[in-house]
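Subject: Structure for your review

Dear colleague,

Please find below the structure I would like to hand over to you, with its sequence. My findings follow directly after it.

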Amino acid sequence: METVARLFEESRENRSADARCCGVADKEGAAGRIPFSAEMFPPKGQLTLDAARKVVEGLRAASPDFISVTCSAGGSGNGSGGQTAAIAELVQKEAAIPAVAHFTCVSATRASVDDAVEDLRAAGVKTVLALRGDLVDGQQPADFRYACELIPRLKEVGLCVGAAAYPEGHIDCLDPRENIRHLRAKQDAGADFFITQLFFNNDDFYRFREAAESAGVAAPISCGIMPFLGKSQIQRMVFLCGSSLPAPIIKLLAKYEDDPVALRQAGIEYACNQLVDLGRHGVNGLHVDAMNQPDIACAAAEAVAAAGLR
């Protein structure tokens, strides 16, 4: 099973060849087939690996090029009970889809990183997404403070390594220029590709992409999109991630405030429109956070396919 970095590289090569054949030079005209992926998280509480299996089966219907598997949120590390590695193995062996396992380092020691790497190797996982992870009150960093310190270690053991990108800046980084410097540092540390944090205004990404390219960032950047499904969910995301809400979303929240079903559908449609617009602007990848709800990934895949982007 090929690495995710190779998927991005093949896509860029094919799209560049298509653009040359058509005499197209601008990003908008050089879209072509774009890697499409989905994200899921480990089951919580009493849910079992069988619950994750049902999610994977549903996501498989969207035919993603890869599925990323997050760690449990809140600073719990690389998957409670090893679930991240176990689910990634399930994705690859049962669904025959490449998996990207999220790999956090905020409280990791060199020994714990090595143990987690061995779990991933045993699961057959070749690609990881290197992340700092969530800080917990009172918790102190161990041997790794930032993802750029983790990336070289993961590269040393032969893994394909992705990293996070922040179109609106990390919530702990207020300087846009510093945000781009952090991105370049991850590339210099060995990051093969990037997946962005969620954003709701595509213009924020286009400005970010231009700044990244000006700073010499050449690794492919896949756009992470999460649909808003309810008012409380989007409020939580705004506070956790520092993402801004454009006027159209605020209007939709007001319009469907008393109709949760219609609001959910509006959120999915908004995300699909975002993905199509991004694809038409020639982004390197489209990544949808399905929140363990396969119908979201399927709707996104259908919209992208209908636009001729996959």
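Strand β6 and strand β7 (residues 221-225) run parallel and are joined by two bridges. In this pairing, Phe194 lies opposite Ile221 of β7. Please note that the model is a predicted one.

β6 also has strand β5 (residues 160-165) as a partner, again in the parallel sense, with four bridges. Here Ile195 of β6 has Ala164 opposite. Helix α6 (residues 176-189) belongs to a right-handed β-α-β unit with β5 and β6.

The side chains of β6 itself deserve a separate remark. In a regular strand, side chains alternate between the two faces of the sheet. In β6 (residues 193-196), Phe193 and Ile195 point one way, while Phe194 and Thr196 point the other way. Which of these residues are buried? All four are: Phe193, Phe194, Ile195 and Thr196.

As to the chain overall, its secondary structure consists of eleven helices and eight strands. The chain has 310 residues, of which 51% count as buried. Of the contacts between residues at least 6 apart in sequence, 79% link residues at least 24 apart.

With kind regards

Technical notes:
Residues numbered from 1 in each chain as written. Predicted model: local features only at pLDDT ≥ 70, side-chain atom pairs only at ≥ 80, totals over all residues. Heavy atoms only, no water. Buried < 20%, exposed > 50% of the residue type's maximum accessible area, 1.4 Å probe, protein only. Contact = heavy atoms within 4.5 Å. Pairing = 2+ DSSP bridges. Right-handed = clockwise from strand over helix to strand, strands pointing away.
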